[in-house]
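Work through the exercises below with the sequence and the model side by side. Try each task before reading its solution.

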Amino acid sequence: MGEELCDIIMALKITEECINCDVCEPECPNEAIYQGDEIYEIDPNRCTECIGHFDEPQCRQVCPVDCIPVDIVETKDVLMERYERLQKEIDKK
Ligand code: SF4
Ligand code: SF4
């Protein structure tokens with residue numbers, strides 16, 4: 001049996017439809033969004049789908065052109081481990 005559907009969470013990416021409006025970057029609680037060479041990008045090692053902070057991905061909520069679709073599938077456990085790692089990094093600062 002595969003994993004329960006409710007445990008499946010998707011990681012996000014920003015597509016080339018991005019208009020560089022800069023609205024999403026300050027909303028990310030994990031500092032996962034940054035200005036790339038041409039458009040904004042998401043660091044997959046920092047994106048937790050906002051797990052640990054919010055119920056919904058904040059970047060998707062604010063993007064005016066809806067250009068942050070699902071990219072790869074990650075489980076809640078993986079995202080929670082990432083959240084905990086990031087929290088440890090913050091605590092060390
Ligand atoms: S889903 Fe949340 S953690 Fe991931 S990039 Fe968007 S705002 Fe940041
Ligand atoms: S909110 Fe959407 S359009 Fe604006 S910078 Fe972020 S990804 Fe690009």
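What share of the contacts in the protein with a separation of 6 or more comes from residues 24 or more positions apart? Two residues are in contact if their C-beta atoms, placed from the backbone, lie within 7 Å. Residues 24 or more positions apart account for 70% of the contacts with a separation of 6 or more.

Some ground rules apply. This is a predicted model, where local features need pLDDT of at least 70, side-chain atom pairs count only at pLDDT 80 or more, and totals for chains, interfaces and linings use all residues. Residues are numbered from 1 along each chain as its sequence is written, while chains are lettered from A and ligands numbered from 1 in the order in which they are written.

**Exercise 1. Trace the fold and its confidence.**

Step 1: Take the elements as DSSP runs, numbered from the N terminus: helices (H or I, at least four residues) and strands (E, at least two). The protein has two helices and four strands. Their order from the N terminus is β-β-β-α-β-α.

Step 2: Check pLDDT, the predictor's confidence in each residue, from 0 to 100. The mean for the protein is 88. Among the elements, H1 has the highest mean, 97. Strand S1 (residues 8-12) has the lowest, 64. Over residues 1-8, pLDDT stays under 50.

**Exercise 2. Describe the shells of the two ligands.**

Step 1: Count a residue as near if its C-beta atom, placed from the backbone, lies within 6 Å of the ligand. Ligand 1 is surrounded by 14 residues, the closest being Cys 28, Cys 47, Cys 50, Pro 57 and Cys 59. Ligand 2 is surrounded by 14 residues, the closest being Cys 18, Cys 21, Cys 24, Tyr 40 and Cys 63.

Step 2: Sort by class. Ala, Val, Leu, Ile, Met, Phe, Trp, Tyr, Cys and Pro are nonpolar; Asp, Glu, Lys and Arg are charged; the others, Gly among them, are polar. Ligand 1 has nine nonpolar, three polar and two charged residues. Ligand 2 has twelve nonpolar, one polar and one charged.

**Exercise 3. Is Asp 66 buried or exposed?**

Step 1: Locate Asp 66. This residue lies in the loop between helix H1 (58-62) and strand S4 (70-75).

Step 2: Apply the cut-offs. Buried means 20 or more other C-beta atoms, placed from the backbone, within 10 Å of the residue's own; exposed means 12 or fewer; partly exposed is in between. Asp 66 counts as exposed because it has 9 C-beta neighbours inside 10 Å.

Step 3: Cys 18 is 48 residues away in sequence, yet the C-alpha atoms of Asp 66 and Cys 18 are 8.4 Å apart.
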